[in-house]
Amino acid sequence: MARDHGGDLDRAEAAYGPGDWIDLSTGINRRPWPVAALPDRIWRALPTARAESALIAVAADWFGCPPDRVLPMAGASAAIQILPRLGAPGNAAVLTPSYNEHAASLTEAGWRVTPAPDPDAMEGADLAVIVNPNNPDGREWHPDRLRALASQVGMLVVDESFADPRPDLSLAGAIPDNAVILRSFGKFWGLAGLRLGFALAHPPRLEAMRRAAGPWAVSGPALHVGRLAMADRAWADDAVMWHAEAAPLLDRIAHGAGWDAVGGTHLFRLYQTGDAAAAQDRLARGHVWSRRFPYSPGWLRLGIPGSRAEFDRLRAILGG
């Protein structure tokens with residue numbers, strides 16, 4: 001199964017040359033939380049239980065759930081690879097189109113994967129996977145709808161990697177017994193290189209995931225930076241406000257280029273361009289990288305530019 005992703009700047013530079021690229025091919029915040037120099041001891045020592053507990057306390061407060069429902073992971077991607085291998089394979093229903101890593105990891109673990117256009121089509125599955133809000137089209141489902149779905153499937157996985165600006169969409173406040181919620185750190189806080197994420201679930205399932213991940217699954221620097229960043233509510237408020245105002249501006253520029261908005265989230269927007277290959281080429285000639293999808297000849301996804309200067313460059317390429 002194809003596992004294409006954004007962020008492939010090597011391919012962009014190989015085709016269009018090196019330079020001052022603006023990478024809008026991902027949904028990673030381009031205004032990252034500012035990381036200060038780390039104490040030397042963070043680099044020299046193995047991660048400690050105390051450091052993990054400190055991060056868990058801050059993360060639980062951010063998510064709105066008890067600390068015993070939170071497990072730090074080496075990115076949400078680590079949980080996506082682990083979950084299909086915790087039990088015997090069966091029938092999995094996966095929201096489609098969506099983040100392609102879910103179906104790919106399930107298939108590799110021996111699951112029979114059925115694409116599902118919406119939650120109604122998932123009823124009766126041994127495992128159901130839904131991304132909320134969805135990547136790449138931004139579709140969203142109320143938590144009550146997902147709790148109802150949990151009662152109709154064997155296990156429910158809800159990927160909330162883009163939900164940090166939208167706590168109203170999260171299941172974290174009342175997690176069903178058979179559900180696992182995945183949360184990303186790198187996207188909203190803009191520090192994807194830290195490789196930090198979280199699984200939220202009831203303790204027995206988290207313990208199984210912890211055993212599968214092995215010891216020291218999350219680095220000391222990730223535990224340290226994650227704790228400080230997630231406690232910085234003033235920065236988070238500013239980040240939400242920037243993206244809430246910047247997303248409509250990006251839609252306006254795209255409209256001026258003749259593109260139609262399909263949907264999106266605070267961190268990315270999706271457009272129907274008519275010819276995504278031509279649209280990507282146009283942007284890439286100005287050293288702005290974007291995301292195409294193999295299943296749609298017209299869809300192009302853009303992350304939110306991180307400054308007025310980046311918006312000015314985009315406007316100069318597209319007009320409007």
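Q: What makes Arg 301 count as lying over the face of Phe 268?
A: In this predicted model, in which local features need pLDDT of at least 70, side-chain atom pairs count only at pLDDT 80 or more, and totals for chains, interfaces and linings use all residues, Arg 301 is placed 5.5 Å from the ring centre of Phe 268. A charge is said to sit over a ring if NZ of Lys or CZ of Arg is within 6 Å of the ring centre and within 35 degrees of the ring normal. The value of 5.5 Å meets the distance limit, so Arg 301 is said to lie over the face of Phe 268. Residues are numbered from 1 along each chain as its sequence is written, and side-chain values use heavy atoms, with hydrogens and water left out.

Q: At what distance from the ring centre does Arg 31 lie over the face of Trp 242?
A: Arg 31 lies over that face at 3.9 Å from the ring centre of Trp 242.

Q: How many aromatic pairs are found in the whole structure, and why is the pair of Phe 185 and Trp 189 called stacked?
A: The search finds 14 aromatic pairs. The ring centres of Phe 185 and Trp 189 are 5.1 Å apart and their planes stand at 5°, so this pair is stacked. Rings of Phe, Tyr and Trp (its six-membered ring) pair if their centres lie within 6.5 Å; planes under 30 degrees apart count as stacked, over 60 as edge-to-face and the rest as tilted.

Q: Which residues form one aromatic cluster with Phe 185 and Trp 189?
A: Trp 62, Phe 188 and Trp 235 belong to that cluster together with Phe 185 and Trp 189.

Q: How do we know whether Phe 185 is buried or exposed?
A: Buried means under 20% relative accessible area, exposed over 50%, and partly exposed in between (1.4 Å probe, protein chains only). Phe 185 has a value of 0% and is therefore buried. Trp 189, at 1%, also counts as buried.

Q: Where does Trp 62 lie, and what is Trp 62 in contact with?
A: Trp 62 lies in helix H3; helices (H or I, at least four residues) and strands (E, at least two) are DSSP runs, numbered from the N terminus. At 17% relative accessibility, Trp 62 counts as buried. Leaving aside neighbours within four places in sequence, the residues in contact with Trp 62 include Phe 188, Trp 189 and Met 230, where contact means heavy atoms within 4.5 Å.

Q: Why is H3 called roughly parallel to H9?
A: Helix H3 (residues 49–63) and helix H9 (residues 220–230) pack at an angle of about 30°, with their axes 9 Å apart. This angle makes H3 roughly parallel to H9. Angles under 35 degrees count as roughly parallel, over 145 as roughly antiparallel, 65 to 115 as roughly perpendicular and the rest as oblique. Axes are lines fitted to C-alpha atoms, for helices over the stretch in contact, and angles run from 0 to 180 degrees between N-to-C directions.

Q: What makes H10 roughly parallel to H12, and which residues make the contact?
A: Helix H10 (residues 233–256) and helix H12 (residues 308–318) pack at about 10°, with axes 11 Å apart. The angle therefore makes H10 roughly parallel to H12. Among the residues in contact are Trp 242 and Leu 249 of H10, and Phe 311 and Leu 314 of H12.

Q: Which peptide bonds are described as cis, and where do their prolines lie?
A: A cis bond joins Asn 132 and Pro 133, with omega about -5°. Another cis bond joins Asn 135 and Pro 136, with omega about 20°. Pro 133 is in the loop between strand E5 (127–131) and helix H6 (143–150), and Pro 136 lies in the loop between E5 and H6. Most peptide bonds are trans.
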